[in-house]
Amino acid sequence: MGLLLKNIRKTMLLVCLTVSFAVQAQDKVYTAKEALQLVKEEKYVEAEQAYAQLLQKYDREPRYNYYYGICLLQNNKDIPHAVKRLKYAALKGVSRDTYYYLGRAYQLGCEFDEALKNFNRYMKYASGSDGRKEKAVVYMEECQAGKEASAKIYNLTVYRRDTTTLAQLLEHYHPVKDVGEVLRNKDFFESGLDPEGLLYLTERGDEVYFSMADDEDGGKNLYKMEKLLDGWGDSNSLDAVNSDANDVYPFLQIDGATLYFASDRPGGLGGYDIYTTTYDAETKSFDEPVNMGIPFNSPKDDLLFVTDEFNSSGWFASNRETANDQWMVYHIKWDDSVVKNVVMDMNQVKIAVNMPLADDVSENGGVGVANGNGDPFSEEEVSAAFSFMIADTIVYTEFSHFNNDEARAAFEQGLGMEHQKDSLSLLMGDKREAYARSNVETEQAKLVNEILALEKEVYGLDGQIENYFFTARRTEQGTIRELVKTGRYQPPVQVKVERKDDSAINGIFIPGDFTYYTNDEFTFRLGELDSMYQILFYEDEIRKLKHADSLYVWGNILTLEASKMLEQSSLQPETGPVISSPFKKKDSLAADESPSESMVKKSRELKVTALKLYHKSLNEKYELYRDKIKEVVLSEPTTDFTFLDEPQGRANAYFRKANEYDMELMGFDLEKYERAGAMKRSGVSEQEASLFAYLEYAKGTAEVVKKTAPKGKVQKTYQELHKGDEAVKSAAATTKRDKVKAASTAIVYKIQIGVFRNEPNKAALSLIPTVSTISIPEKGLTKYYAGRYDSYKEAQQMIDSVRKAGFTGAFVVAFKGDKQINLSEELKK
């Protein structure tokens, strides 16, 4: 015990001494002359401390603001604050040089118009001997490139930000080995290249991409080497990619065609930028490289973009937020959902370049700009009211973006509940902390009851919030469809107009004309599905569903090909001894493959590709089916839709379990990935069966039969319970606007808007075509129809306006006389 106390006293003494030294350092008083000398000596870190101290006493002194802004700029620290200080110095006329530094500060903050304005002011007065003039010209070219890049940007989800050094960069990249390896040159080559340089080795180990200096001025270019039967071939320059500048840090995506690299060539945003290029199989060369744009690139250095398609992840490094030799590695989400968005507000660019962590984004989707205490140059927060995805191409951030008032009202209800849920969640967290601190049994028991009550309340809000948001989204989509049809739609914000071509699915190459391939075995099933699609889904949804079906068939084809190749691999002859390579490689990478081993690997690659197609197909169908089922259930709240709800619940469970396999971070496991695909298939099958059941239900409730029920105690069928013996008598008397009398042999098309216990909203009914009804007395329900059309095409053209009025589950039905007939059969005729 005495020894312990002695050690504690020593530790406390050490801490006190450390604090004392720190306080002494902070208490150092700088004069204006000393501070200026530090700037002249380019000791900007200490100079920043000196001017910060001086500004505490003389906050409005123009020269102190000027030099303090320069220090912040040189230290790449708090650029927005540097802008404020330099703006004040420019206003007070400290020096014409202020415009040079202010231009650079605006450039680093991605305010390119302001940067150009200030650089132009500087250029008017700069002397020919001013060394900064040449830099200003380059910066102005970069600003122009930045302006062009700001038209469309990526909105990236950032999982992690790690500060590191260039030497330790790879410690923060964690792709699975199935995408290949990024290595130091010294781990692959024994000599001839910069040992600390980086190269990329493909997942099969048969190609290596690297950079080396081959110019008199020491510039670096990209090269490729291929593995031959007797070793490694010669290094070949990627002439179509290389420039007169430095081209480094190559990475080839697993599709074998998409190459990422970094270059400081002219035309970029500044420093090293990340570029991408695609290999053209016809020309046997790479296409013209394309700058990845914002926020991958910034006015500083950005490099080494690595992707992991198996885990939908990517990494790249930048020094945009760091100083000296420090770098930041960003771990981001990277899959087909990440596309460029049209920029409507330049604040979007500033926020995107800052790469905020996903967890740091406030609950309403805004990103705040903190204001300093007592700062005379404080600005208002830059934030959006919320972020609400209407579709995969549209994100709303303001209430004024809504085109439909009902959609906005539903969203406001959901948003209010979400805020309420968040408040309750915080309270629940406080209660749990109190429970952990408490040692009193009675107090703990009370806290447990309070926590359980809060949990029930919080989790009970989830379903309500989801329903409000779903209603808002679908109602707004209906309005947008109508506006697009009439040519009156103007996208308010963040419209993603740039999409990947359908021929590239997660980097998988599929022939461009694949639109709808199938096989004989699948044809009949596809025909059944198509009939269901035509009745229940919008045209754009039908295209997506057919696309998903086509991907599934391609997956089947590739699976068969993989099995065939695996079978053929066992018939391959053994190979002889391998001749050593002129490029000596480390032992761990030196193993050569036989033809049999190569075919086994190729078979596995085809299997993985097939599984990716399966997953892509099933994910798309699951989401479309889920939304349709929810839409139907919400459109008829008084109807018992257990036959829809229960299968959807099972489908959700299948997908949750499958996603647990997908989200594992321990590397790619083919068996588990295949098992996850089987689970998703089961989930989608549940959904499809329930939707077919809904079609039968809808047909049964609309059908009117002119015959009495059978005598005796015979149980009625499910359909008969919904017909109603008096349906024929009541049909003619329940016309809402016009009494419509159809000829007994003519085919008439109507739009069924729902089955209701109470009359729907009158205002909504007034917005749709002539309304007619059929009652189901024994169930206390009434079926409502809109319009009466002579052709299916005419009815289909009107269905969007009915859905827009609020009846989102509306669909077309056909009648022959008083009897509803099978719409699919009629359409085939």
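**Exercise 1. What span should the 33 residues of helix α10 (residues 405–437) have at 1.5 Å a residue, and how far apart are its end C-alpha atoms?**

The structure is a predicted model, in which local features need pLDDT of at least 70, side-chain atom pairs count only at pLDDT 80 or more, and totals for chains, interfaces and linings use all residues. Residues are numbered from 1 along each chain as its sequence is written, and side-chain values use heavy atoms, with hydrogens and water left out.

Step 1. Helices (H or I, at least four residues) and strands (E, at least two) are DSSP runs, numbered from the N terminus.

Step 2. The expected span is 1.5 Å times one less than the number of residues, so α10 should span 48 Å.

**Exercise 2. Characterise the surroundings of Asp273.**

Step 1. Asp273 belongs to strand β11 (residues 273–280).

Step 2. A salt bridge is a side-chain nitrogen of Lys or Arg within 4 Å of a carboxyl oxygen of Asp or Glu. Asp273 is buried yet has no salt bridge, and Arg320, the nearest side chain of opposite charge, is 7.8 Å away.

Step 3. The side chain of Asp273 instead has a polar partner in the side chain of Asn291, at 3.0 Å. A polar contact is a pair of N or O atoms within 3.5 Å; within protein, one must be able to donate a hydrogen and the other to accept it, and residues adjacent in sequence count only if both atoms are side-chain atoms.

Step 4. Not counting residues up to four places away in sequence, Asp273 touches (heavy atoms within 4.5 Å) residues including Phe261, Ser263, Asn297 and Lys300.

**Exercise 3. Is Ile799 buried or exposed?**

Step 1. Ile799 is found in helix α20 (residues 792–804).

Step 2. Its relative accessibility is 1%, so Ile799 counts as buried.

Step 3. Beyond four places in sequence, Ile799 touches Ile751, Ala810, Phe811 and Val812. Ile799 and Phe811 are 12 residues apart in sequence and 7.0 Å apart in space, C-alpha to C-alpha.

Definitions and conventions: Buried < 20%, exposed > 50% of the residue type's maximum accessible area, 1.4 Å probe, protein only. Lys, Arg positive; Asp, Glu negative; His and termini not counted.
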